[in-house]
Amino acid sequence: MPWDTTDYPSSFKNLDTAVRKKAIDIANAMLDEGYSEGRAIPIATTQAKQWYRDASKKEINQVKEMSDKSLRHRDNNPEDGRPELMEKGEHVLPHEKGWSVQTQDAKQPAHVYANKDDAIDRAKDIAKNKGTATIVHDQNGKILRRHQYSH
């Protein structure tokens, strides 16, 4: 069950409100990716504190305004709560249900499509937004092409 501001790990209790909400958001994303609670909690705490040190006042206020619903609900994009994945490229890979879009080093795909072109389009959108690369693989996993985007 995802955490929110009324139900979260006790180790988050003494964190500043913005740090706590960011830690909840990161931890929920990590749980979605298959991390155990025991690993997700300390990693999310460390990343949330780092985020807070680097965040602008606007970003901090946006996190403070996050609702419990938005904390519990993942937008089918586990990378959102994993800042270290923001600099990684998007791979289009064969999947048992068609084609997946998976960020490099992510434990599971963010999206799965029946059609390869749809997966490529989504990977391009993500990579453009992040300023990273799209890496398209063939059915055997071999890289067919790579395109680097920049901001």
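Biologist: How many aromatic pairs does a search of the whole structure find?
Modeller: This is a predicted model, in which local features need pLDDT of at least 70, side-chain atom pairs count only at pLDDT 80 or more, and totals for chains, interfaces and linings use all residues. Residues are numbered from 1 along each chain as its sequence is written, and side-chain values use heavy atoms, with hydrogens and water left out. Rings of Phe, Tyr and Trp (its six-membered ring) pair if their centres lie within 6.5 Å. Searching the whole structure this way, the number of aromatic pairs is two.

Biologist: How are the planes of Trp3 and Phe12 arranged in their aromatic pair?
Modeller: The centres of Trp3 and Phe12 are 6.5 Å apart, with 75 degrees between the planes. Planes under 30 degrees apart count as stacked, over 60 as edge-to-face and the rest as tilted. The pair of Trp3 and Phe12 is therefore edge-to-face.

Biologist: Are Trp3 and Phe12 buried or exposed?
Modeller: Buried means under 20% relative accessible area, exposed over 50%, and partly exposed in between (1.4 Å probe, protein chains only). Trp3 has a relative accessible area of 7%, and Phe12 has 0%. Both Trp3 and Phe12 therefore count as buried.

Biologist: And which arrangement do the rings of Trp51 and Tyr52 have?
Modeller: The ring centres of Trp51 and Tyr52 are 6.4 Å apart. Trp51 is buried at 14% relative accessibility, whereas Tyr52 is partly exposed at 32%. With planes at 55 degrees, the pair of Trp51 and Tyr52 is tilted.

Biologist: Let's step back to the whole chain. In what order do its elements run from the N terminus on?
Modeller: Helices (H or I, at least four residues) and strands (E, at least two) are DSSP runs, numbered from the N terminus. The chain has five helices and five strands. From the N terminus on, the order is α-α-α-α-β-β-β-α-β-β.

Biologist: What is the orientation of helices H2 and H3 to each other?
Modeller: H2 (residues 37-54) and H3 (residues 57-64) pack with their axes 8 Å apart, at an angle of about 135 degrees. Axes are lines fitted to C-alpha atoms, for helices over the stretch in contact, and angles run from 0 to 180 degrees between N-to-C directions. Angles under 35 degrees count as roughly parallel, over 145 as roughly antiparallel, 65 to 115 as roughly perpendicular and the rest as oblique. H2 and H3 are therefore oblique.

Biologist: Which residues of H3 meet H2?
Modeller: Contact means heavy atoms within 4.5 Å. H2 brings Trp51, Tyr52 and Asp54 to this meeting. On the H3 side, the residues are Glu59, Ile60 and Val63.

Biologist: Which residues does Glu59 touch, not counting those up to four places away in sequence?
Modeller: Glu59 is found in helix H3, and is partly exposed with a relative accessible area of 35%. The C-alpha atoms of Glu59 and Ala18 are separated by 9.4 Å, although these two are 41 residues apart along the chain. Leaving out residues up to four places away in sequence, Glu59 touches Trp51 and Asp54.

Biologist: How far apart in space are Thr6 and Asp68, C-alpha to C-alpha?
Modeller: Thr6 has its place in the segment before helix H1 (17-32), and counts as exposed at 66% relative accessibility. Thr6 and Asp68 are 62 residues apart in sequence. In space, C-alpha to C-alpha, their separation is 8.1 Å.

Biologist: What is phi of Asp105 near?
Modeller: Asp105 lies in the loop between strand E2 (98-103) and strand E3 (111-113). Most residues other than glycine have a negative phi. Phi of Asp105 is positive, near 75 degrees.

Biologist: One last thing: how far apart in space are Asp117 and Val92, C-alpha to C-alpha?
Modeller: Asp117 is found in helix H5 (residues 116-130), and is exposed with a relative accessible area of 51%. Asp117 and Val92 are 25 residues apart in sequence. Their C-alpha to C-alpha separation is 9.6 Å.
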